[in-house]
Amino acid sequence: MPYNTQIGDEINILVRYNLKTTQEGVKVHSSAEPHAIAAAQRLFDKGLITQSDGGYLTALGRKAAEHAQGLLLIIKS
């Protein structure tokens with residue numbers, strides 16, 4: 001399945017999470033780009049984050065963020 005813009009937007013949200021701690025979340029402000037707001041809502045709907053505007057990663061979300069961040073490390077190297 002090839003990536004599309006929506007998946008890219010969701011990955012961009014996931015890579016913003018600091019995986020070194022569970023005490024740090026992400027906030028997508030209402031003034032953010034509409035595609036970022038929509039991506040956060042989709043991640044929430046999928047059960048990957050705790051709030052529709054970011055919040056913390058769920059257990060499944062943490063796994064997704066680990067994979068997303070790992071993929072970026074591979075691609076950037």
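Predicted model: local features only at pLDDT ≥ 70, side-chain atom pairs only at ≥ 80, totals over all residues.
Residues are numbered from 1 along each chain as its sequence is written, and side-chain values rest on heavy atoms, with hydrogens and water left out.

A search of the whole structure finds four salt bridges, a salt bridge being a side-chain nitrogen of Lys or Arg within 4 Å of a carboxyl oxygen of Asp or Glu. In one of these, the side chains of E10 and R42 meet with an N to O distance of 2.5 Å. This pair links distant parts of the chain, since E10 belongs to helix α1 and R42 to helix α2 (residues 34–45), 32 residues apart; helices (H or I, at least four residues) and strands (E, at least two) are DSSP runs, numbered from the N terminus. Both E10 and R42 are buried, where buried means under 20% relative accessible area, exposed means over 50%, and partly exposed lies in between (1.4 Å probe, protein chains only).

E10 also forms a salt bridge with K46, in which the closest N and O atoms are 2.7 Å apart. Because E10 lies in helix α1 and K46 in the loop between α2 and β2 (49–51), this pair ties together parts that are 36 residues apart in sequence. With regard to accessibility, E10 has a relative accessible area of 8% and is therefore buried, while K46, at 48%, counts as partly exposed.

A further salt bridge is made by the side chains of K27 and D53, at 2.3 Å from N to O. K27 lies in strand β1 (residues 26–27) and D53 in the loop between β2 and β3 (54–57), so that parts of the chain 26 residues apart in sequence are tied together by the pair. K27 is partly exposed because its relative accessible area is 47%, and D53, with a value of 25%, is partly exposed as well. Through shared partners, salt bridges join E10, R42 and K46 into one network.

On a 1 Å grid over the protein atoms alone, a pocket is an open set of points where a 1.4 Å probe fits, with protein on both sides within 12 Å along at least five of seven lines, and lining residues have an atom within 4 Å of a point. The lining of the largest pocket consists of Y3, I7, E10, I11, L14, L43, K46, L48, A64, H67, A68 and L71. The elements that give two or more residues to this lining are α1 and α3 (59–76). By type, the lining residues divide into nine nonpolar, one polar and two charged; Ala, Val, Leu, Ile, Met, Phe, Trp, Tyr, Cys and Pro count as nonpolar, Asp, Glu, Lys and Arg as charged, and the others, Gly among them, as polar.

Y3 lies in the segment before α1 (5–14) and is exposed, because its relative accessible area is 58%. L71, by contrast, lies in helix α3 and is partly exposed, with a relative accessible area of 33%.

Some C-alpha distances place these residues within the fold. Y3 and T22 are 19 residues apart in sequence and 28 Å apart in space, C-alpha to C-alpha, and the C-alpha atoms of L71 and V28, 43 residues apart along the chain, are separated by 23 Å.
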